[in-house]
Amino acid sequence: MPSDSTTEHSLDLGGRTLRFKATAGSIPLFEGEGGPLRAEVGYVAFTMAPPAGTAAAARPVTFLFNGGPGAASAYLNIGAVGPWRLPLDGASVSTPPVLLPNAETWLDFTDLVFVDPPGTGFSRIVGGEPARRQFWSVDGDAEALAVVLRKWIDQTGRRAAPKFLVGESYGGFRVPKLARELASDQGIGVRGLVLISPVLDFATLAQRRHLPTTWTYALPSMAAAVLEARGAFSPAALAEAEHYAATDYLADLVKGERDREAVERLSARVAALTGLDPALVRRLAGRIDTRTFQRELFRDRGLVGSAYDATVTAFDPTPSAARTQFPDPVLDSTKAPLTAAMTELYRGPLKWSHDQPYRLLNGEVNGQWNWGRGRASPEVVDEVRTILSADRAARILVVHGASDLVTPYFATKQILDQLPVYGEADRLALKVYRGGHMFYSDDVSRKAFRQDAEAFFRAALGVAR
């Protein structure tokens, strides 16, 4: 990997000016003490000097991760909270990769370190198959990234700084495990976690016809998409869909498909909430899988919706076919502009270049990921419990987009509602915004998220507004 590059920048963000340093670099991982090199993990750090009269150690530092597994941190970096932003609302494959100053950056109130796990971004594995097996696993991932963070903290003298972790999607699954790994093996405590569109328990992602509760998770997100399409979205309307999903819908689902009256009741209500053909909903006994919803909601217009945001559509490649395969209107449309924009950011403002391609999404990582042994689905609910119960100062903010079908917010809500209050109820909070998995693509939602994040950091640090 090329040598680290540190550059100085100044950005006018309309009413405020940010002066900061940016470092693009890498941290090596070795096999044991003094063993051979196993990987070089790339990162981009944005840091600011603390206010005059304030100790440098008092300024918090936040480490950010995307998910996949196999995703680089570009989504959070230039999509949401870094100092530059690529507009993603309405982005397509051919969208010019032009970065703009990001007025919603978090750099005002925390330093930011975006980390690309081994095999993503420019991070590379040099230890062959044994190293891939280690790094591309639930536990090995957390162990390796904990070492990376500890090395960065030691190299930069930030042991005394308050530390935060942010993770999106699988990253939201990753960071509770990472927090525990940092505390237990690296001697580093974490003050707060922000989980963005996370999956807390992978059992909630499977829609199984014989398990009634699984059909309740995505129904409010489907309703949110329909409300948006009708221009009728509101917290009250969304709450009504949630209430139905958790009460009458679940009660009729439990009765089963043999109870024809229950099927008729729930089919009529589900059809109204999802905007789908009542005959189709009845034929499916009111149990609508997300793939069916993506296609059938817009079928009469020859369009398909995104799993990442059901309000975003593209043309169906084969609209007359009984079944169809189609690129996701959000995920596949943003790959090229995000990859190009990150490459230009490295080569331009960051003055750091590599002759290898930037890997935004590495399918090899996802395909070879080791999810662990045993029959139980992977989950981090126990880690969340431990973090909140063991440290009275720790806080967790969980955020979702309402129309996300990949990690439906209502599944997370049901899990969090089962947790007890550890001291103060607001130490664990859930926020739901308009939009999908990457809700921060929407200007209004991104601004609201930034405000909520700043309030979260202030509360975690005990700072009055």
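Predicted model: local features only at pLDDT ≥ 70, side-chain atom pairs only at ≥ 80, totals over all residues.
1. Overall form. The protein contains 15 helices and 14 strands. Along the principal axes, its C-alpha atoms occupy a box of roughly 65 × 50 × 50 Å. The radius of gyration is 22 Å, which agrees with the value near 23 Å that a compact globule of 465 residues would have.

2. Domain division. Two domains are assigned: domain 1 comprises 5-203 + 334-461, and domain 2 comprises 213-328. Their C-alpha centres are separated by 32 Å. To the contact, domain 1 contributes 17 residues and domain 2 contributes 23 residues.

3. Eleven residue pairs are in polar contact across the interface of domain 1 and domain 2, both members of each pair being at pLDDT 80 or more. On the side of domain 1 that touches domain 2, helix H14 (residues 409-417) supplies the largest share, with five residues. By residue class, that side of domain 1 consists of nine nonpolar, five polar and three charged residues.

4. The salt bridge between the domains. The count between domain 1 and domain 2 is one salt bridge. Glutamate 228 and arginine 434 form a salt bridge in which the closest N and O atoms are 2.8 Å apart.

5. Salt bridges in the protein. The count of salt bridges comes to 26. One of the pairs formed is arginine 209 with glutamate 257, with 3.3 Å between the closest N and O atoms.

6. Backbone at serine 197. The loop between S10 and H5 also holds serine 197. The phi angle of serine 197 is near 45°, a positive value in a residue other than glycine.

7. Cis peptide bond. Glycine 68 and proline 69 are joined by a cis peptide bond, with omega about -5°. Proline 69 is located in the loop between strand S4 (61-65) and helix H1 (74-81).

Key:
Residues numbered from 1 in each chain as written. Heavy atoms only, no water. Domains from an automatic or database assignment. Contact = heavy atoms within 4.5 Å. Salt bridge = Lys/Arg side-chain N within 4 Å of Asp/Glu carboxyl O. Polar contact = N/O pair within 3.5 Å; in protein donor to acceptor, adjacent residues only side chain to side chain. Helix = DSSP H or I, 4+ residues; strand = E, 2+ residues; numbered from the N terminus. Nonpolar A, V, L, I, M, F, W, Y, C, P; charged D, E, K, R; others polar. Rg over C-alpha atoms; globule rule 2.2 N^0.38 Å.
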